[in-house]
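Work through the exercises below with the model open. Each task is followed by a solution in steps.

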Amino acid sequence: MVAVGLPERTVTRRPPARRGRRAVGRALPLVPAFGLLALFFVGPILWCVYASFTDIALTGAGASSPHLVGLRNYREMFADPAFAKSLWLTVVFVLGSAVIGQNLGGLALALLMNGRHRIVRAVVGGIVVGAWVLPELVAGFMWYAFLSDHGTFNAILRAVGLHGGSWLFSNPLAAVTIANVWRGTAFSMLVYSAALSNVPDELIEAAAVDGASGWARLRHITLPLIRRSMLTNLMTITLQTLAVFTLIFVMTGGGPGTKSQTLPIFMYQQAFKFYHLGYGAALAIVLLAVGAVFSLVYLRAMRKEV
């Protein structure tokens, strides 16, 4: 049996030099972006790594001629009880504010608004997003005024016959956690609202017809389908919360004492209050490592099959 052959296609292979020029031409527009990334992101990180191994300071001999001191800053840091407490407070703040507060609050708001009338969604979304777009400095002053001894919250309690308290003194970490949840929940709400809009209504309706309860539909259908959005949101708000400085500094200054002294506050005090830039740089590297650990956990969970 004779096979009838089709006309052969002529494959034109570009010379390696031409392919190289095309690759360079595609990469050339990205050079400014990579240059800015190196200048404002990679450069400061590399300088911070270098500074963490020196005795650089804002005053004294370390300001004029810093010297390499090896791992001295890291040894002092891990032997310092104040660092251990700040690290613990940072983890508690991130778990309470980001993982539990903002994440679950945003999911609850998105679920409540899902399928509601657009006017309801617009009003609720506008109120929640309004707190998010406020500058962190303004939000900090607002919550300081609200929770201070003669603030609005105590005035409301006294108006209904209850005894107010010194919330920023007795429960400073809880106060800054609630303030950060109030300010940052809008981001999670927007992420989950977009994710829920992609969940097929047919699956939800079929499960309801089969007798599945609302909790069963949420657990076995909705949450698995938005799992990647959940992990992306968790990673984003965790990194944002790790870097929260202004809100805590305005409300409590890390006090009273060290009751709300998270790593960014502790780092600022060591570097700019006590002028130990090298020690502050070492704290910054540890803070970067904590963020990397959280990110790796979320990325590993994201690789798992739904």
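**Exercise 1. How many nonpolar, polar and charged residues line the second largest pocket?**

Step 1. Sort the lining by class: 5 nonpolar, 5 polar and 2 charged residues. Ala, Val, Leu, Ile, Met, Phe, Trp, Tyr, Cys and Pro count as nonpolar; Asp, Glu, Lys and Arg count as charged; the others, Gly among them, count as polar.

Step 2. Find the residues. The lining of the second largest pocket includes Leu 111, Asn 114, Ser 197, Asp 201, Arg 217 and Thr 222. A pocket, on a 1 Å grid over the protein atoms alone, is an open set of points where a 1.4 Å probe fits, with protein on both sides within 12 Å along at least five of seven lines; lining residues have an atom within 4 Å of a point.

Step 3. Assign elements. α11 (201–209) and α12 (214–225) each give two or more residues to this lining. The largest share, 4 residues, comes from α12. Helices are DSSP runs (H or I, at least four residues), and strands are E runs of at least two; both are numbered from the N terminus.

Step 4. A volume is the space filled by probe spheres set on the grid points, which are joined across faces, edges and corners.

Note on the source: the model is predicted, with local features needing pLDDT of at least 70 and side-chain atom pairs pLDDT 80 or more, while totals for chains, interfaces and linings use all residues. Residues are numbered from 1 along each chain as its sequence is written, and side-chain values use heavy atoms, without hydrogens and water.

**Exercise 2. Which element gives the most to the lining of the largest pocket?**

Step 1. List the contributors. α2 (31–51), α13 (227–242) and α16 (277–303) each supply at least two lining residues.

Step 2. α16 gives the most, with 5 residues.

Step 3. The lining has 11 nonpolar residues, 1 polar and no charged. Among them are Phe 41, Cys 48, Leu 242, Met 267, Leu 288 and Gly 291.

Step 4. The volume of the largest pocket is about 340 Å³.

**Exercise 3. Gln 102 and Leu 112: is each buried or exposed?**

Step 1. Gln 102 is in helix α5, and Leu 112 is in helix α5.

Step 2. Read the accessibility. Gln 102 is buried because its relative accessible area is 3%. Leu 112 counts as exposed, at 53%.

Step 3. List partners. Outside four places in sequence, Gln 102 is in contact with residues including Ser 97, Asn 180, Thr 185, Ile 237 and Thr 241.

Step 4. Compare with the record. An unreviewed UniProt entry places a "transmembrane region" at 87–112, among other spans; annotations may be inferred rather than shown by experiment. Residues 87–112 are 100% helix and 0% strand, with end C-alpha atoms 35 Å apart.

**Exercise 4. Where do Pro 256 and Tyr 275 lie?**

Step 1. Pro 256 lies in the loop between α14 (246–251) and α15. The peptide bond from Gly 255 to Pro 256 is cis, with omega near 0°.

Step 2. Tyr 275 lies in the loop between α15 and α16. Its phi is positive, about 70°, although Tyr 275 is not a glycine.

Step 3. Tyr 275 counts as partly exposed, at 36% relative accessibility.

Notes:
Buried means under 20% relative accessible area, exposed over 50%, partly exposed in between (1.4 Å probe, protein chains only). Contact means heavy atoms within 4.5 Å.
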